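Me: I would like to learn how to read the overall dimensions and the strand pairing of a model; could you take me through one?

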Amino acid sequence: MTYICSSCGKEHPDWPAITYSAPFYYSELNDEEKEKNTELGSDHCIIYNEHQTDRFIRCVLFQKVIDHCSNLEYGLWVSLSESSYKNYADNFQNTNHITQYFGWLSNFLPEYSHQVNIPTLVKTKAGNKRPEIIPDPEFDHPFVKDYYQGITKEEAEKRIQNILSNNS
Ligand SMILES: [Zn+2]
């Protein structure tokens, strides 16, 4: 699939978004735990642990691509505090709710070997679009560096191929 690019007029491949249907912590659970202790929807996930409850929402992240006209789009999850989650849930149908929350990135991309929690800012959007994740620029991690510096088109296409071959 290709499209005619509106910024350069050339034909480009139409990149699929790289998406995760659940937070990493959900995918780690077995079927019985998922059944008993969790809720999962298209935009929210709750995990009830014995001593705490973890709340996640589905967001988007736009990875800049240095030598290409469009970004690589990700569908990723972040965990929110109880009060941020409540505010998000209460305003889920509100098309003009523009705010921001602190969130921890809750998926690990295979391109980055050290799995640490990355702090982010989560910005809600008008028109009920999924919130956008902005990684904390002060946080020292290759994922954060790539987000701000951009990746190459070759790297972006490698990531897409990687996801497509894992899903098939
Ligand atoms: Zn272009």
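Me: What radius of gyration does the protein chain have, and what would a compact globule with 168 residues have?

Reply: The radius of gyration is taken over C-alpha atoms, and the globule rule is 2.2 Å times the number of residues to the power 0.38. For 168 residues a compact globule would come near 15 Å, and the protein chain has 17 Å, which agrees. Along its principal axes the C-alpha trace spans about 55 × 35 × 35 Å. This is a predicted model, in which local features need pLDDT of at least 70 and side-chain atom pairs count only at pLDDT 80 or more, while totals for chains, interfaces and linings use all residues. Residues are numbered from 1 along each chain as its sequence is written.

Me: How many bridges join β9 to strand β10, and how many join strand β8 to β9?

Reply: Two strands pair if DSSP finds at least two bridges between them. Strand β8 (residues 100-105) runs antiparallel to β9 and is joined to it by five bridges, with V122 in β9 as the bridge partner of Y101. Strand β10 (residues 132-135) is likewise antiparallel to β9, through four bridges, and there K123 stands opposite E132.

Definitions and conventions:
Helix = DSSP H or I, 4+ residues; strand = E, 2+ residues; numbered from the N terminus.
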